[in-house]
Amino acid sequence: MRASCASGRAVPDIAASYLEPTRARPRAGRLARVMRKRSTVGFLMCLPLILLIALLVVYPALYAIWLAMLNKRMTTFVGLGNFAFLLKRSTFHLVIFQSCLFAVSAVIAKASIGFVLAHLMHVIPPNRQRLLRGLLLIPWVVPLALSTLGWWWLFDPSYSAFNWILDGFGVPRVAWLGSTGWARASMIVVNIWYGSPFFMIMYLAALKSVPGELFEAASIDGASAWQKLIFVTLPMMRNIISITVLFSLIVTFADFTIVRILTAGGPQDTTHIFATYAFEVGIQSGDIPLGAAVSLFMLPILAVASVFILRGVARRNREMAAG
Amino acid sequence: MTTTWTMTRRAALRTAVAATALPLVHIRTAGAAGKLTLGLWDHWVPAGNGAMKKIIEAWAEANKVEVGVDFITSVGNKNLLTIAAEAQSKTGHDVEAFPAWEVHNNLQNLEPVDDVVNGLIKQYGPLNPVCEYLTKINGHWMAVPSSSGTQYKPSCARISVFKAAGADVQAWFPAKAEHSPSADEWTWEKLLELAPAAQKAGMPFALGLGQTTDSVDFAGALFRAYGAQLVNEKGEITVKTDTVRQALEYAVKLTRFLPPDVYSYDDASNNRALISGKAGLIFNPPSAWAVAKRDNPSVAADCWTFPTPAGPKGRFVPHLPYNWGIWSFAKNKSAAKDLLTHLAQREQVEALSTAVSGYDIPPFPSMANFKVWEQVEPPLGTVYNYPIRPFHNATPSIAALPAPPDIAVQIYNRATMTTMIAKAAQGGLSIEQVLAWAQDELEGFMR
């Protein structure tokens, strides 16, 4: 079936072709039917991105798994031997502890600070918010390697600005990166400084999407500010909190830049985390399979966290849909 | 006036014959002998890359090889990452600059260069023992020891600080080819004796105990001077010995007089301490002095470079060599060998070292007499004793030597020695507890 356009040329009548019974073209029709599905079109449109991810993420991940199961010279398959070996090393136990300490404490602090900042920002009139929002986002926008170098300078043994201030008050100087406690605290502080704006902006967006009627209804019911926060704001934000915490947990566990620049794992290996230890073992000491095994230790930890958090998000979505 | 050219049938025939024979004649043009790519170390001293490029371009022109050079920085270990990537993908440059341990790490992907190195040994005598330890594997030379980037890390002291403490470093190691009897005074015990005075004067010795090479090399030289080996040449763990205890006890005593933040030092921290006029001594190549010359000339004029202190087992100067290796998957191995032979000739080595104010150390001890080390100033002769000279009675050393290199590389890069010192001095562990920790750690390196 054909229709004519203004120029007189015959063009396919698209509407008619959709209405035409498919049995007239049995072979082409099956393909056309598949192609007409929204899911097929969606998949095809995503295909370039899927291929890109497969190339840049899936392939290196599978390659890392393969590497982690080879011997040091990469000539023999040793199965899970590298993982078993690592679990027997006391230094690696320290690395696991430090990675968890670093990631969990930094994420809790970032989420708390982001939550408070988002609420403070939310009560500021929108026209005054813009500048403050921009300023607060600076730590997150500046390339991490550069900002960490700035921090490193503040902690530096010879030129530490912090120690210069302490000198001014007659307080003894602190070896910020030279003693275990201060070095760990410094790393966590820099990570919090860098990551809090991300939480703030996500929570602010979530706050803005909470319907005002809920707060009005709560006010009419005589709810206090605290009760509104606990019974209205938090339940409405639970999904976004879960997803941001998960995302941040993954990124913080995989952090490399901050530790590498500030301490390189010292003093006494007490600031090494998975990524820096993997680099030291794999690239610097020439044991790539063991380095790959170190970096893959993050996988089960993050996978378990992801399953629990995403299951909670899905459950809440179902409850909301049902309710 | 115009000239009219005519061509006879005979001339046309001659031209045709000549044109037909043309492909039979080897015509040398740029690139006629193929292409060659090099991934060389990006020199700290800016003039270093220019000097290297000039030498390579002249060789390329003379040999009709099209040469491409990439200078790869060691900042952020980018050179190590490049080496790892090329080794994995089996493609990249033909020639690569391998820092100290990387020859062993990439052994299976390297082309032996026995012909090149044996030829050079015939010309210039034996290589220094560290270069041999790092590049001669199973009886084969697997890389050509290079001068570019190769360094010693001797003492670089403030003349005035030592004088105030009663020591004359210029008398110990004068800028002339003779052994001063007073040079024997410069021992680790003497260093410990001078350290409190320097600390009291606000000019402590900035000797790092961090995770990076300067710290590790300092600890390595100290341990070797006391005969302390963590692993012997047979690969046996020898950490629970009196020599290791002795070295560790000495180091713990010394840390009381070092700046409190030496445990977080990186390779730039000691340089900054010297340049800012806050340190009386560092162990470093003359790069710190060179920056001081630019940024703080009065400090530079007060600096003197000379070998590290001696211990009961001798005087060991930290040495960190670079090597040039040819990948087994290189496309133009013959041109690569020719070029490396050319670069290792005395004339080229001296030109490169002179361009970087004497920073580069030749791998052949017979070349330790370039004019540049006599001429550099201020003060005149400040780096005369930077290269090891025969009358220094010193031996080049790399931390963890003589352990088999596949174990030594882990001791070196995991900073086992500095961590041991830190655990004893800062971590509150007893010497025996530290030795037990080290034993466990070293057992892990044996896999």
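## A covered helix in chain B

The buried residues of α19(B) pack against α10 (213-225), α11 (242-255), α18 (405-413) and α20 (431-445) of chain B. This is a predicted model, in which local features need pLDDT of at least 70, side-chain atom pairs count only at pLDDT 80 or more, and totals for chains, interfaces and linings use all residues. Residues are numbered from 1 along each chain as its sequence is written, chains are lettered from A and ligands numbered from 1 in the order in which they are written, and side-chain values use heavy atoms, with hydrogens and water left out.

Helix α19 of chain B spans residues 416-425, and nine of its 10 residues are buried (buried means under 20% relative accessible area, exposed over 50%, and partly exposed in between, with a 1.4 Å probe and protein chains only). Among them are Met417(B), Met420(B), Ile421(B) and Lys423(B). Helices (H or I, at least four residues) and strands (E, at least two) are DSSP runs, numbered from the N terminus.

## Its neighbour, α18

Eight of the nine residues of α18(B) are buried, so the rest of the structure largely encloses this helix. The buried set includes Pro405(B), Ile407(B), Val409(B) and Tyr412(B). After α18(B) comes Ala415(B), which has a positive phi, near 50°.

## Two helices packing in chain A

Now let us turn to chain A. Helix α6 (residues 126-141) and helix α9 (residues 180-208) of chain A pack at an angle of about 140°, and their axes are 6 Å apart. Here axes are lines fitted to C-alpha atoms, for helices over the stretch in contact, and angles run from 0 to 180 degrees between N-to-C directions. α6(A) and α9(A) are therefore oblique to each other (under 35 degrees counts as roughly parallel, over 145 as roughly antiparallel, 65 to 115 as roughly perpendicular and the rest as oblique).

On the α6(A) side, the residues in contact include Leu136(A), Leu137(A) and Trp140(A), while those of α9(A) include Trp193(A), Phe198(A) and Ile201(A); contact means heavy atoms within 4.5 Å.

## Where the chains meet

How many residues of chain A are in contact with chain B? The count is 39 residues of chain A, in contact with 37 residues of chain B. Together the two chains bury about 3300 Å², 43% of it on carbon and sulfur atoms; buried area is the accessible area (1.4 Å probe) that two parts lose on being put together, summed over both.

Four salt bridges are counted between chain A and chain B (a side-chain nitrogen of Lys or Arg within 4 Å of a carboxyl oxygen of Asp or Glu). In one salt bridge, Asp156(A) pairs with Arg272(B), with the closest N and O atoms 2.6 Å apart.

## Salt bridges within the chains

Over all chains, the whole structure has 18 salt bridges. In chain A, Arg173(A) and Asp167(A) form a salt bridge, 2.5 Å from N to O. Arg173(A) is partly exposed at 44% relative accessible area, and Asp167(A) is partly exposed at 37%.

In chain B, Lys337(B) and Asp115(B) form a salt bridge at 3.3 Å, N to O. Lys337(B) lies in helix α15 (residues 333-343) and Asp115(B) in helix α5 (residues 114-124) of chain B, so the pair ties together parts that are 222 residues apart in sequence. Lys337(B) is buried at 16% relative accessible area, whereas Asp115(B) is partly exposed at 49%. Lys153(B) forms a salt bridge with Asp214(B), their closest N and O atoms being 2.7 Å apart, and both residues are buried.
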